[in-house]
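Please look through the structure below, and then follow the explanation from one part of the surface to the chain as a whole.

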Amino acid sequence: MSSANITLLGAIAGFTIYLGLPLGRLRTPTPRLKAGLNAVAIGILVFLVWDVLTHAWEPTDEALGKHDWGTVASGGLTLVAGLTIGLAGLVHYDGWIARRRKAAVDRAAAARSAGPGAAASAELAEAAPKVRSQASSLALMIATGIGLHNFAEGLAIGNSAAQGELSLAVLLIVGFGLHNATEGFGIVAPLAAEGERPSWLTLLWLGLIGGGPTFLGTVVGQHLVNDTLSIAFLGLAAGSILYVVIELLAVARKAGFKTLTTWCILLGLLLGFATDAVVTAAGA
C-alpha cells in the first residue's frame, strides 16, 4: 500500500468524528435527554483518559523493566509536563475566559444603563460576540483534547506503515475510525446539555480540530518515529480531557438525575471499550 493511500485512510479514520457531531443539532432536548447525553460523554471521556495514560506510560514502563533510567527519566518528565500543561493550563485559561465574560457583561450592563441610543446598541453588539458561552468553551476544549489524542493515534498509524507493518496500520485505522465516531458525540454533549444548537459551520470547525490531527499524525508518523513526541501529545491530551471530565461532572451534579447519570456514564465507558476492541486485537 502506498504512502498516499495510508495517509488517505488516516484522514478517513480521523474524520469519522463527524458521525457523532450532528447530535449537537438536536432541537429542544428534554432535561433527561440532556443529562443522559452529558453522562454518556463523561463515560467516553473517562475511558479516553485511561486509554491515553496507558499508552503514554507504556514506553516508560518498558524502560523500567530494562533498568534504562535515562529513558525512564525523559519519558516520565515528558508525561508530567504534558499532564501539567494540559490540566493546569486549562484551569488558568478557563479563569481568563471567565474574567473576559464578566467584563463583557459589565460593559453590556453599563450600556443598558446609559439608555437607548446608537452608542449603547453599538456597545452591546460589540460585547456579545467576543465571549463564548461556557458550553461552547467546553466543546472547544474537548475537541482540542481529542485532537491531541488523535495526533498521537495518527503517529501510531504512520509509524506502523513506516516499519512495513501494513496489516497493523490498517487495523489501527479501522479501530481508530470506530473510536472517533463516538468521540464526536463527546464533543457536542456540553452544547446539547445546555440546549445550545451549534451551526453547521461550528460543527465543521470542531470536527477539524478533533479529527484533523489524525491525518496530520499519519503524515508525520511515516517520517518520524519518536516516543518522546508521542508521550508529550498523549500527556497534553490526558490533562485536557481530565479537566473537561471535571467540568462535565459539575454539569451532571447540577442537572440531578443521579440514577440516569450513573447508567449513562457506564454506557459511555462500555462504548469506549467496545470501540477500542479492534485496536487491542491489533496489538496496539
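D227 lies in helix α8, which spans residues 227-255; helices here are DSSP runs of H or I with at least four residues, strands are runs of E with at least two, and both are numbered from the N terminus. This is a predicted model, in which local features need pLDDT of at least 70 and side-chain atom pairs count only at pLDDT 80 or more, while totals for chains, interfaces and linings use all residues. Residues are numbered from 1 along each chain as its sequence is written, and side-chain values use heavy atoms, with hydrogens and water left out.

With a relative accessible area of 51%, D227 is exposed, where exposed means over 50%, buried under 20% and partly exposed in between (1.4 Å probe, protein chains only).

Elsewhere, L77 lies in helix α3 (residues 69-113) and counts as exposed at 62% relative accessibility. Between L77 and I231 there are 154 residues in sequence, yet their C-alpha atoms are 9.8 Å apart in space.

The chain has nine helices and zero strands, and 47% of its 284 residues count as buried. Among contacts (heavy atoms within 4.5 Å) with a separation of 6 or more, 89% come from residues 24 or more positions apart.
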